[in-house]
Amino acid sequence: MLEIFTWLASWLVYDLGGFDPNSKLGSSLHFFVEDTSKIFALLVVMIYAIALLRASLNLERVRYYIQQKNRFAGYGLGAGFGAITPFCSCSSIPLFLGFTSAGIPLGITMAFLFTSPIINEVAVIMLWSLLGWEFTLVYIAIGMTVGIGGGILLDSLGAERWLKAFAAKAYQNAAESPQADQLAPVRPSLTLKERHEFARNELYEIVARIWKWIIIGVGLGAALHGFVPDDWFSDNLGSGQWWNVPVAVLAGLPLYSNATGVIPIMESLITKGLPVGTTLAFCMSTVAASFPEFIMLKQVMLWRLLATTFIILLINFMLVGWLINLLSPWLFSSL
Amino acid sequence: MKKIEVLGTGCKKCAVTAEQITTTAKELGIEVEVTKVTDPQIIMHYQVMSTPAVAVNGQLAHSGGVPDRKKIEAILKA
């Protein structure tokens with residue numbers, strides 16, 4: 001079904017535009033037109049459909065579910081809800097305090113915040129259409145693992161010691177006097193019309209936020225695709241020396257992007273011979289470890305906690321990179 | 001005179017919310033004092049988890065995004 005976008009691009013670029021399919025420019029343009037048209041078409045359909053389904057999911061209910069579960073289920077739920085809950089990074093601080101003041105352990109809250117930028121419906125749709133379902137599943141598993149692992153590690157270090165005083169106090173108050181018979185927030189009963197309105201607003205808002213990232217990401221991916229020779233990375237960097245992974249993580253740090261901008265670049269990096277694990281480590285580092293967002297967390301965390309969190313994330317990315325490089329001959333027969 | 005607080009840690013949406021409330025109030029001829037609240041402690045006190053949120057005279061009236069025109073009018077007239 002998705003071949004229609006390949007035909008569309010061939011018709012526009014080669015037949016109508018008169019570009020030579022074998023030229024660098026022609027091949028870049030084809031890549032750009034095919035990927036942007038495919039991504040936008042899929043996004044419009046899927047964001048709307050998913051928003052219809054999750055219109056009644058709100059943070060109050062998510063918090064309630066997590067509170068009801070034991071600690072270990074909590075990490076999984078935290079990461080899982082981080083992936084599916086619509087959430088804007090500017091709400092990080094209120095969400096953090098809302099969870100903390102309800103007595104939810106720091107590690108579970110952080111599992112939510114770690115996973116949230118890595119996995120979301122836009123990232124999943126793009127990965128699926130560009131790199132296939134095997135890759136998408138591995139990506140989701142990794143994103144969840146990074147979140148859950150980071151959260152467990154923070155709690156095992158007793159990291160709540162390093163919260164700002166007012167946040168630590170709110171957490172303690174909640175832990176000492178749990179509201180025993182707390183009521184579940186009511187599930188808002190929505191009419192189909194309300195769901196449609198919610199989904200339409202979500203669609204406008206998300207597309208307005210990410211369209212330029214897609215253009216930039218696919219543009220860079222297209223340039224790589226057309227102008228860098230195949231297997232350039234494996235010819236020049238060797239295939240998968242251990243130090244490639246930390247270098248990729250560090251290279252991704254100063255780049256501040258969201259998943260939407262990076263995924264089209266990943267596609268090109270992989271076909272140019274960069275090992276899959278190294279590519280993933282680069283992507284995660286770009287998406288999930290961004291300085292602006294970490295600085296925001298300074299409002300509720302002491303420097304020590306901020307630094308610990310950051311280092312845990314970076315180590316996680318490297319482990320992921322090495323592990324996937326090691327496993328990739330078995331995981332991705334098709335790539 | 002209504003005292004309106006726009007709660008949020010300072011993203012663009014919060015500024016938009018404050019602006020729209022001010023203009024709508026002017027059009028309706030309602031006297032308001034709009035302040036932007038970025039202090040996380042106060043936001044926590046209102047138990048808000050998604051911002052922007054709006055409080056009127058110390059009572060939470062809206063949360064979870066930029067309110068639309070209808071919602072703003074309802075908040076101002078309440």
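Visitor: How much area do chain B and chain A bury between them?
Guide: Keep in mind that this is a predicted model. Of the area buried between the two chains, 66% is on carbon and sulfur atoms. The total for chain B and chain A comes to about 1300 Å².

Visitor: And which residues in chain B lose the most area to chain A?
Guide: The contact takes 12 residues from chain B and 17 residues from chain A. On the chain B side, three residues together make up 52% of what that side buries. They are Thr9(B), Met44(B) and Met49(B).

Visitor: Which element gives the largest share of the side of chain B that touches chain A?
Guide: That side divides into 6 nonpolar, 5 polar and 1 charged residue. The largest share is 4 residues, and they come from helix 2 (residues 40–45) of chain B.

Visitor: Over in chain A, is Gly151(A) buried or exposed?
Guide: You'll find Gly151(A) in helix 8 (residues 133–156) of chain A. Its relative accessibility is 0%, and the cut-off for buried is under 20%, so Gly151(A) counts as buried.

Visitor: Which residues is Gly151(A) in contact with, leaving aside its neighbours within four places in sequence?
Guide: Thr100(A) is 51 residues from Gly151(A) in sequence, and their C-alpha atoms are 14 Å apart. For contacts, set aside the neighbours within four places in sequence. That leaves Tyr75(A), Gly107(A) and Phe114(A).

Conventions
Residues numbered from 1 in each chain as written. Chains lettered and ligands numbered in written order. Predicted model: local features only at pLDDT ≥ 70, side-chain atom pairs only at ≥ 80, totals over all residues. Heavy atoms only, no water. Contact = heavy atoms within 4.5 Å. Buried area = accessible area lost by both parts, 1.4 Å probe. Helix = DSSP H or I, 4+ residues; strand = E, 2+ residues; numbered from the N terminus. Nonpolar A, V, L, I, M, F, W, Y, C, P; charged D, E, K, R; others polar. Buried < 20%, exposed > 50% of the residue type's maximum accessible area, 1.4 Å probe, protein only.
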